[in-house]
Amino acid sequence: MLSKDFLLKLLKWGMYLIPLTVLLYYQRTMYPFLTLKIFIFELLIALLLVIWLILILKYPETWPRFSAIHKALLIFLGTYTIISLFGVDLNRSFWSLQPRAIGLVALYGFYISYLILVTLRPTLN
């Protein structure tokens, strides 16, 4: 049931859904233009991460090649993680402020989406 093509299609359609989060709006929050978008983005990334992990564990040939961009992003995330651990307010370091919502968790979400896109790149024609 979990063939390589099926998992790649799930990843592809999941990545197509992420830009649609821009259209979301929920009026009953303090920041109606942002709160639902970040929540749905992080939920989609978590689901896609599970699918991606199944794909790369079951089919190791789909693992993305390590490049200079990977190395630069990992250095950036490692540095940002260390800085966040030693920050004044750990909650703000990981989640950021509600009007911004670009904390460590969101940055890891962006990196995971980058890894998924790099994995999907050979299949996109």
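1. Ser-113 is a residue of helix H5. This is a predicted model, and in it Ser-113 has a relative accessible area of 12% and is buried. Apart from neighbours within four places in sequence, Ser-113 is in contact with Met-15 and Ile-45.

2. The helix that holds Ser-113 deserves a description of its own. H5 runs over residues 104-120 and has 17 residues. From first C-alpha to last, H5 reaches 24 Å, close to the 24 Å expected at 1.5 Å a residue. Of the 17 residues of H5, 12 are buried, and the helix is mostly covered. Among the buried ones are Leu-104, Leu-107, Tyr-111, Ile-112, Leu-115 and Leu-120. Ala-106, Gly-109 and Thr-119 also belong to the buried set of H5. The partners against which the buried residues of H5 pack are H1, H2, H3 and H4.

3. The C-alpha atoms fill a box of roughly 40 × 35 × 25 Å along the principal axes. The chain has 125 residues, of which 33% count as buried. Among contacts with a separation of 6 or more, 66% are between residues 24 or more positions apart.

4. Which residues have the most contacts inside the largest nonpolar core? They are Leu-11, Ile-18, Leu-48 and Ile-116, in a core of 21 residues. At least two residues of this core come from each of H1, H2 and H5. H2 gives the most to this core, with eight residues. In soluble globular proteins, nonpolar side chains tend to be buried together.

5. Leaving aside neighbours within four places in sequence, Ile-18 is in contact with Phe-41, Leu-44, Ile-45 and Leu-48. Of these, Leu-48 is also listed among the core residues with the most contacts, and Ile-45 is also a contact of Ser-113.

6. Helix H4 covers residues 90-95 and contains Ser-93. Is Ser-93 buried or exposed? Ser-93 is buried, at a relative accessible area of 15%. Beyond neighbours within four places in sequence, the contacts of Ser-93 are Ser-84, Gly-87, Gly-103 and Leu-104. Leu-104 is itself one of the buried residues of H5.

7. Tyr-59 sits in the loop between H2 and H3. Tyr-59 counts as buried because its relative accessibility is 19%, with the limit for buried set at under 20%. Not counting residues up to four places away in sequence, Tyr-59 touches Leu-2, Ser-3, Lys-4 and Leu-7. The C-alpha atoms of Tyr-59 and Lys-4 are 7.2 Å apart, although 55 residues separate the two along the chain.

8. Met-1 lies in the segment before H1. Its relative accessible area is 88%, so Met-1 is exposed. Between the C-alpha atoms of Met-1 and Ile-75 there are 37 Å, for a distance of 74 residues along the chain.

9. The largest pocket holds about 300 Å³ of space. Its lining has 16 residues, and Pro-64, Arg-65, Val-118, Arg-121 and Pro-122 lie nearest its centre. Val-118 is one of the buried residues of H5. Helices H1 (4-17), H3 (68-85) and H5 each supply at least two residues of the lining. H5 gives the most to this lining, with three residues. By class, the lining of the largest pocket divides into seven nonpolar, five polar and four charged residues.

10. The second largest pocket has a volume of about 220 Å³. Which residues lie nearest its centre? Ile-38, Trp-95, Leu-97, Gln-98 and Ala-101 do, out of 16 lining residues. Helices H2 (35-58), H4 and H5 each supply at least two residues of the lining. This second lining has nine nonpolar, five polar and two charged residues.

Notes:
Residues are numbered from 1 along each chain as its sequence is written. This is a predicted model: local features need pLDDT of at least 70, side-chain atom pairs count only at pLDDT 80 or more; totals for chains, interfaces and linings use all residues. Side-chain values use heavy atoms; hydrogens and water are left out. On a 1 Å grid over the protein atoms alone, a cavity is a set of points where a 1.4 Å probe fits but cannot get out, and a pocket is an open set with protein on both sides within 12 Å along at least five of seven lines; lining residues have an atom within 4 Å of a point. Grid points are joined across faces, edges and corners, and a volume is the space filled by probe spheres set on the points. Helices (H or I, at least four residues) and strands (E, at least two) are DSSP runs, numbered from the N terminus. Ala, Val, Leu, Ile, Met, Phe, Trp, Tyr, Cys and Pro count as nonpolar, Asp, Glu, Lys and Arg as charged, and the others, Gly among them, as polar. Buried means under 20% relative accessible area, exposed over 50%, partly exposed in between (1.4 Å probe, protein chains only). Contact means heavy atoms within 4.5 Å. The expected span of a helix is 1.5 Å times one less than its number of residues. A nonpolar core is a set of buried Ala, Val, Leu, Ile, Met, Phe, Trp, Tyr and Cys residues joined through side-chain atoms within 4.5 Å.
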